[in-house]
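Hi,

Here is the structure I said I'd pass on. Have a look at it first, and then read my notes below.

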Amino acid sequence: MSEKVTIRVCIADDHAIVREGLKQILADERDIVVAGEAEDGHDAVRLAGKTRCHVMLLDISLPDRNGIDVLKQIKKDKPELSVLMLSMHREDQYAIRALKAGAAGYITKQSAPRELVTAIRLVAGGQKYVSAALAQTLASAIGEDHESAAHEGLSDREYQTLTMIASGMTVTQIAGELSLSVKTISEYRARLLVKMKLRSSAELTTYAIRNGLVD
């Protein structure tokens, strides 16, 4: 993208204070302007379709839909839009899944403001953005010849449920966090246990710790 072109950014995050913080960071940049906001997955998909923007900052944890599911829908409807995923989760938990789903980059909310601005400019120019630490992880993974881990066969929502259970959350707490029913979360838990050939949440947690899926 030419340096003379203003980068139009859309922000999709369910926390108003986060959106305001991001807007304040970007307000200081002459070549970047915030073109629209969304507070859930449905609004994010609609915003991407109706607003002329170059980059969407998309929260991976939205109240109505998993952020990666939203990403897939946006890339299906508007493949030319560069989507930069925002997350509270450390990179090796969700970044690779997001990149495989079509994200142009992945950045944590703890990142420095300058890193965010750099990431936006890179993806607006058609490049990918990952941190140096994640780049090293990706390089190491490419160089290894290993059998796929059991969790790689999970759906995005099943994987999210796995990490939340392994972090110590109950089914009820997860349901509240994701705005889903306890029955639905219980079904996700049952499915992922079957897929991973595990018998209990304790075994699931042990697996997650052993494979570095939780801190």
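Val 9 has Val 55 in strand 3 as its bridge partner. Strand 1 (residues 7-12) and strand 3 (residues 55-59) run parallel and are joined by four bridges. Strands here are DSSP runs of E with at least two residues, helices are runs of H or I with at least four, and both are numbered from the N terminus. Two strands count as paired if DSSP finds at least two bridges between them.

A quick word on the source: this is a predicted model, where local features need pLDDT of at least 70, side-chain atom pairs count only at pLDDT 80 or more, and totals for chains, interfaces and linings use all residues. Residues are numbered from 1 along each chain as its sequence is written, and side-chain values use heavy atoms, leaving out hydrogens and water.

Back to the strands: five of them make an open sheet with parallel pairing, in the order 2-1-3-4-5. Strand 2 (32-38) and strand 5 (105-108) are at the edges with a single partner strand each, so one side of each has no neighbour in the sheet.

Now for helix 9 (residues 182-196), which has 15 residues. Which of its residues are buried? They are Ile 185, Tyr 188, Leu 192, Leu 193 and Met 196 (buried means under 20% relative accessible area, exposed over 50%, partly exposed in between, with a 1.4 Å probe and protein chains only). Down the helix 9 axis, these buried residues fall within an arc of 130°, so they line one face (the arc is taken from the directions from the helix axis to the C-beta atoms). Exposed Lys 183 and Val 194 sit on the face turned away from that buried side.

Cheers

Technical notes. Expected span 1.5 Å × (residues − 1).
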